[in-house]
Amino acid sequence: MTKFSRDFLWGSASAAYQVEGAWDEDGKSLSIWDVFVRQPNRTFKNTTGDVAVDHYHHYKEDVKLMAEMGLKAYRFSIAWTRILPEGRGEVNQKGIEFYSNLIDELLKYNIEPIITIYHWDLPQVLQDEYGGWESRKIIDDFLYYAEVLFENFGDRVKYWIGLNEQNVFVGLGYRDGRFPPGIKNIQLMHQVNHIVNLANATIIKRFHDLKIKGQIGPSFAFPVLYALDNQPENVLAMEKSLDVNVWYWMDAYLLGRYPRTALAYLKNQFGIELDIREGDLDILKAGRPDFVGVNYYQSHTFAANVPNAEAGEPDQFKHVQNEHLERTSWGWEIDPIGLRIALRRITSRYDIPIMITENGLGEYDTLTEDRKIHDPYRIEYLDNHITAVQNAIEDGCQVIGYCTWSFTDLLSWLNGYGKRYGFVYVDRDEEEGGSLERIRKDSFYWYQKLIKEFESKRENSRTHS
């Protein structure tokens, strides 16, 4: 524990759509998720975020539980639709009031608020008007939205996440069609991705121009990639995948450009040439973040593909199982050492502070007859990953915080309420029933103890320094 800095942020995280509910209250408009989940069979048992776990009405209770745990930071997202129901224009003061009250409640207990500006819930009006992220018009609208947040909360919030998991919402929304807007068009996906990069860099530059006393950066779902073995063809397959699945995204954030090898892959494989206009790369370079957020859950292993293979990209690479790793109930490979590798790779390539903005285990939790939840599997998972973070710090990585996913149980985007991540169990089910009672899990007390031990060692270190 002494390896962590004195101001290390022991935190937890959530997303507005997954916890808030109150989907049409106090002036909030429809988001693309509010509309998407009403299409049949898009989500498990057609669950919606209409109520979610009702954090909108339970936020004081939830923050009090955070304080009881000893949490040092809480990362949450703001619903664009609560602040600007039309996506732009008139500000909804009821929305400002809710988040202002939440921030004040956190600060009352000395919990650092970490704001995520965009966690996937785009106003539907912008999607209808010009295709949302498909148009460069969104850059100005996103900037205006961010400026409203900076103006109202910048005096109290030190840490900002611009975009959450751009690679996920762009990939699943425009390549796989599993997220809104439900499109399967790889060429459009990459054009959208470039526009999102420009929007991200634009708000970072404005944040710095405004001289807000804080730090800002994107949060990236960082996939650690391995080669199946030391066969050169498999190592090359891993390198190709690394270029297009990792550095293609991270270099845009941190170097202001795209890797040549990734651009060549897109052109040779799919005939894709990005619509990079004059001045675009200057915008990317001018929007370098202060830190990068890492969402880490699993690693992936790659092998060379064969012509006409059904899986993967022909003649390029394919994803294969890593037989050395155990898996979650959802088939995600459990690999704490992979987190250490991720932190090392980022540090080696970019030399930038890192905040772990998500890390956690989604599992089926059982409520016992005496209304307790014993989750040793989650404790083991988190403990091993925190050890990996400590080892990475010893390796020279600058890690400023660790936020678990999540504090309370919440609505999974596609998997309903069965896939639980929280320290706090919420009585909610796929039929969207339940009392919404909050119940502390064993992992709640474990994280509480870990933070107390850290505080104790920190105080001892101060005494002897």
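Two strands count as paired here if DSSP finds at least two bridges between them. Keep that in mind as you look at this predicted model, where 8 strands close into a barrel. Going around, the order is β1-β2-β3-β4-β5-β7-β10-β11, and the pairing is parallel. From one strand to the next, the twist averages 25°.

For a close look at one pairing, take β10 (residues 354-358) and β11 (residues 399-405), which run in the parallel sense and are joined over 3 bridges. If you want a landmark there, find M355, which stands opposite G401 in β11. As background, strands of a sheet pair through backbone hydrogen bonds, either parallel or antiparallel.

Now for the helices. Helix α7 (residues 137-153) packs on the sheet and touches β3 (112-118), β4 (159-164) and β5 (215-221). The direction of α7 makes about 165° with that of β3. Just after α10 you'll come to G256, which takes a positive phi of about 70°.

Finally, have a look at R371, in the loop between β10 and α14 (376-394). Leaving aside residues up to four places away in sequence, R371 touches D427, E437 and I439. With E437, the side chain of R371 makes a polar contact of 2.8 Å. As for I439, the two residues are 68 apart in sequence, yet 7.7 Å apart in space, C-alpha to C-alpha.

Methods
Residues numbered from 1 in each chain as written. Predicted model: local features only at pLDDT ≥ 70, side-chain atom pairs only at ≥ 80, totals over all residues. Heavy atoms only, no water. Helix = DSSP H or I, 4+ residues; strand = E, 2+ residues; numbered from the N terminus. Axes fitted to C-alpha atoms, helices over the stretch in contact; angles between N-to-C directions. Contact = heavy atoms within 4.5 Å. Polar contact = N/O pair within 3.5 Å; in protein donor to acceptor, adjacent residues only side chain to side chain.
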